[in-house]
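Here is a friendly note to read alongside the structure. Take a look at it first, and then we can go through the points together.

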2 protein chains.
Amino acid sequence: MKGKATSFDIAHRAGVSQSTVSRALRGSPLVSEETRRRIQQAADELKYKVDKNASNLRTRHSGTLALLLFEDPTADDSHINPFFLSMLGSITRACAQRGYDLLVSFQQLSNDWHADYADTRKADGIILLGYGDYLAYRDKLQMLVDQGTRFVRWGAVLPDQPDVSIGCDNFRGGQDVTRHLLEQGRRRIAFLGDASSHYPEFFERYRGYADVLEHAALPVEPQLQVNAESTEQSGYTAMETLLDRKAPFDAIFAASDLIAIGAIRALADRGLSIPGDVAVAGFDDIPTASFVNPPLTTVRQDTREAGEALVENLLRLIQGEPAESGMLPVKLVVRKSSLRSR
Amino acid sequence: MKGKATSFDIAHRAGVSQSTVSRALRGSPLVSEETRRRIQQAADELKYKVDKNASNLRTRHSGTLALLLFEDPTADDSHINPFFLSMLGSITRACAQRGYDLLVSFQQLSNDWHADYADTRKADGIILLGYGDYLAYRDKLQMLVDQGTRFVRWGAVLPDQPDVSIGCDNFRGGQDVTRHLLEQGRRRIAFLGDASSHYPEFFERYRGYADVLEHAALPVEPQLQVNAESTEQSGYTAMETLLDRKAPFDAIFAASDLIAIGAIRALADRGLSIPGDVAVAGFDDIPTASFVNPPLTTVRQDTREAGEALVENLLRLIQGEPAESGMLPVKLVVRKSSLRSR
DNA sequence: CTGAAAGCGCTTACAG
DNA sequence: CTGAAAGCGCTTACAG
């Protein structure tokens, strides 16, 4: 056998026309059972597989989705945000279940990702997953929409978005954490993480936090908020900044687990005990969260459900059906880092 | 503009033939600068992108590699072995650097993965990454080789393999850990992990361990070895089994960090202190390793280098050049879990 | 139920 | 340097 077998080879071997081979292998009801069996057998014998490039070219779709993962502070190789990695896992599975392949790619915000996979027909649609200045790439989203590219995005779900976005209930998560910390007797809760519309997910968490404080008639103090992006390093630095401000606080609500982990390190380096001196809570429930010392109270986002929802909605868009942005529930996971006494 | 522009549209707009458009866009030296510029401009204006399906069909290759990730004990969705996740990250990057796309897929050992991506021409080659009974899928590897499929595998590098495998120096890693534990005064070191040719990577680590013990004139005791696969749960169970045997030991060498983490939990549950009563060391240096309590001594595999090597060699195979199996160096990372005194 | 034929959008000898 | 033409391997109306 030289080269791969084609449908003509199968046709020849099964004594039918090439068109019939194609029909049989695609499961067309027009083919008789007997013929189908003969063709299937010939195909098996020659280890024939339909050439996807040819079939995609003909049918005008690829059976493939593209996942574009981007982080603003481009992580060194393998140190991708664990939460995204977990999403990647569930998205891959969700695709497989629906018979789609998944193309994975890392991008920088600055790149031309808005004009690639879908345009080259390598993918039928795109899933956007990442962390970066929302205002900076909002235009690109609009461009994608204008071009008619099918895509869904993981991120904050806001009223005025041009695209289909799936996200968790960040506001609610922020409320839950803050309420919990108050219940534990904390009164001066600091927030580590960006709190502006540049980073809507963090901002929603912050708004949930502020909302609960206000309802408890507690002040929302600007000096208790420090910007941080979602890395351990950034969390460490932010924690130091907060400590240097000398404003008293008895709890930290970090906008992500990575930030929380950095903060824990910084607190430990200054000799502060957790949760004795300071309670700490994060967001995401990454695998490491339960292993840090002390185990970290956090908010779990159901990545499995998230992956399903993203793929589900993207497929709907591809099929021309209506798809809607939606918010997934969150779940407070209480661990030692926020509990009153050991 | 209805539908996407094709090369004919560009040709029309630029006033040249379609063949010239194709040449210009592929960077053929046959096209004059002036013509190329005009074509490029027309392409930009129409936001034209070459249809990959068509071009792949013509050129007989896809510019895509497939990563097949499989775990024997199929992990629940997002809980993929963190080490593999890290590899996934570096492989994706290595592909991108070389202009290749990456198709990611989870597989079970039992599936027909040996006859898929490459056969359907969706990928030019395959990277195999996973954990499972080697003897069980060795036949499939042989089949891949026989079919002429281009693939490389991450795993143990053994003398008699039919395929190109890249792995770390597991034997050396096993030696390093064991030697370190001996230096810390430990004498009865247990090994948690499968130690048979079914799991060659673990087996190599075990052989390194046994080798050092023998050179130190210490016995290699079967009752100090307990099988375990690379999950926390399995590590926990294995640790319990070992404890129940009542054979004295003062150190644990776990074949992977996940196993080590499970073991640490089991030891803690029985009230044993680490490293006071028992020193513990793992293998892989997953992100969590530095966060467990106490921080885990382990062996780092350079995933960045590993991803590069895999992609590099696969590309070589695809280009018909010789590729060779190879072993990457490992690095002992000493942390608190194995140190004599606090 | 089956076959002959057109065509998906490219790339690349071949001829100028 | 450029164009006309063949062909990559399929799918799917169209005609029987």
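Predicted model: local features only at pLDDT ≥ 70, side-chain atom pairs only at ≥ 80, totals over all residues.

How many residues surround DNA strand C, and which are the closest?

1. The surroundings of DNA strand C come to 28 residues, where a residue is near a strand if one of its heavy atoms lies within 4 Å of it. The closest are A:R23, A:T35, A:R58, B:Q18 and B:S22.

2. Residues are numbered from 1 along each chain as its sequence is written, chains are lettered from A and ligands numbered from 1 in the order in which they are written, and side-chain values use heavy atoms, with hydrogens and water left out.

3. A polar side-chain atom of A:T20 sits 2.7 Å from a phosphate oxygen of DNA strand C. Bases are approached too: an N or O atom in the side chain of A:R58 is 3.0 Å from a base nitrogen, and one in the side chain of B:Q18 is 3.3 Å from a base oxygen. The elements giving two or more residues to this surface are α2 (18–26) and α4 (52–59) of chain A, together with α2 (18–26) and α4 (52–59) of chain B; helices here are DSSP runs (H or I, at least four residues), and strands are runs of E of at least two, numbered from the N terminus.

4. Now to the two protein chains. Their contact (heavy atoms within 4.5 Å) takes 52 residues from chain A and 52 residues from chain B. Between them lie six salt bridges, a salt bridge being a side-chain nitrogen of Lys or Arg within 4 Å of a carboxyl oxygen of Asp or Glu. In one salt bridge, the side chains of A:R60 and B:D51 meet at 3.7 Å, N to O.

5. Which element gives the most to the side of chain A that touches chain B? That is α5(A), with seven residues. The elements that each supply at least two residues there are α4, α5 (82–97), β2 (101–107), α10 (257–269) and α11 (303–318) of chain A.

6. Finally, look at the strands: β2(A) is joined by three bridges to β2 (residues 101–107) of chain B, and the two run antiparallel. Strands pair if DSSP finds at least two bridges between them. In β2(B), B:L103 is the bridge partner of A:L103.

Conventions:
Polar contact = N/O pair within 3.5 Å; in protein donor to acceptor, adjacent residues only side chain to side chain.
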